[in-house]
Amino acid sequence: MPTRALVVPLLAAVALWVGCSAEPPSEDAGPEQAARFGLIAVSYSHDWAQSGAGMVLSSAAQFVRFSALSREQVGRILALPVDPDRDLPTLDRCRLYDLSPELAASAPESEEQGSVELLEAGELKVQTATRTVTLAPKHFPGLLPFVSGVIYGEAEAALVEDAGRVQAISTGGEAVGAFTSSVTSPELPRLLTIGSREPGEEVRLGRDRDLTLRWTPATRADGDVTYLELRYARGKRDLALRCRLKDDGAFELPAALLAEVSGQLSLELVRLRRSLFTAFGLDQAELRVTVRDTAVLHP
């Protein structure tokens, strides 16, 4: 799942949760005061239908100061990538997330009710094994009265062969100081079979039976998070069924969960690695790299 662009509406709160077993609701619902965080997200996306190893590289970043809102709300307002701490179920469980945009009555109407300031960190370079991209700050268009500052838009996607090591280097600005952070990308979790189908074959989803996925397990875990996401639409609702997986190369989606999905599906098997770093002006900061194999499932 490539990084999504900035969107205006506040997304709906996670509403439905289903899974292989029950899971308590999130405790991250209350507002946080004057918190500041930075996120640099680098994504490699491979199409399982393609026999080659080429992957599409994309990258984006945000540096945020916010008040009177929860971190979850901020992530939804800015359409940030999946946060493994907030946007995934626990290990070996699945959960249905409602991602539909809302004209949210709960969204703050003024700075007194809540604010989001997008901070400048100077020029930001993301270096990979084969490419270097520059993310320059651009003035936020001012579409929301409680959001201001600069955005680091998504870099133009590029086709690369290797994931390799990723390094983020910032010259720093008045709000966020200079920093350097690096991490080795996780291995591609290459899908071997979806049900009885192999790469290049059309996959038709049978909702009356379990669906078995097989992939190349990681040779080293290194604290990585591995998860599965099925995206689909139901009427005007945008839904995502997410399962956090043991990275052992096999997982079975129960038919009871598949019976709820509809239409054409987008499937992603994702391996995620994060590296925390420090920078003046931020309470928390991380460089996050995801490597994913993607497929389309037909009804």
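How much accessible surface does the protein have, and what share of it belongs to carbon and sulfur atoms? The accessible surface comes to about 13,700 Å², with 51% belonging to carbon and sulfur atoms, as computed by the Shrake-Rupley method with a 1.4 Å probe. The model is a predicted one, in which local features need pLDDT of at least 70 and side-chain atom pairs count only at pLDDT 80 or more, whereas totals for chains, interfaces and linings use all residues. Residues are numbered from 1 along each chain as its sequence is written, and side-chain values use heavy atoms, with hydrogens and water left out.

The protein contains 2 helices and 21 strands, these being DSSP runs numbered from the N terminus (helices H or I, at least four residues; strands E, at least two). Of its 299 residues, 50% are buried, that is, under 20% relative accessible area with a 1.4 Å probe and protein chains only. Among contacts (heavy atoms within 4.5 Å) between residues at least 6 apart in sequence, 76% join residues at least 24 apart.

An open sheet is formed by 4 strands in the order 8-7-12-13, with antiparallel pairing, where two strands pair if DSSP finds at least two bridges between them. Strand 8 (132-135) and strand 13 (179-184) are the edge strands, each pairing on one side only, and the twist from one strand to the next averages 15 degrees, taken between axes that are lines fitted to C-alpha atoms, with angles running from 0 to 180 degrees between N-to-C directions. Within this sheet, strand 7 (residues 124-127) and strand 12 (residues 165-170) are joined in the antiparallel sense over 4 bridges, and Q127 stands opposite Q167 in strand 12.

Strand 18 (residues 237-245) is mostly covered, since 7 of its 9 residues are buried. Strand 4 (residues 94-98) pairs with strand 18 in the antiparallel sense over 5 bridges, R95 having R242 as its bridge partner. Strand 17 (residues 225-234) also runs antiparallel to strand 18, to which 9 bridges join it, and T226 has L245 as its bridge partner. Strands 17 and 18 form a hairpin with 2 residues between them, and G235 in the turn has a positive phi of about 65 degrees.

R271 lies in strand 20 (residues 265-276) and is buried, with a relative accessible area of 0%. The side chain of R271 reaches the backbone oxygen of E187 at 2.8 Å, and a polar contact of 2.7 Å joins the side chains of R271 and D247; a polar contact is a pair of N or O atoms within 3.5 Å, of which, within protein, one must be able to donate a hydrogen and the other to accept it, and residues adjacent in sequence count only if both atoms are side-chain atoms.
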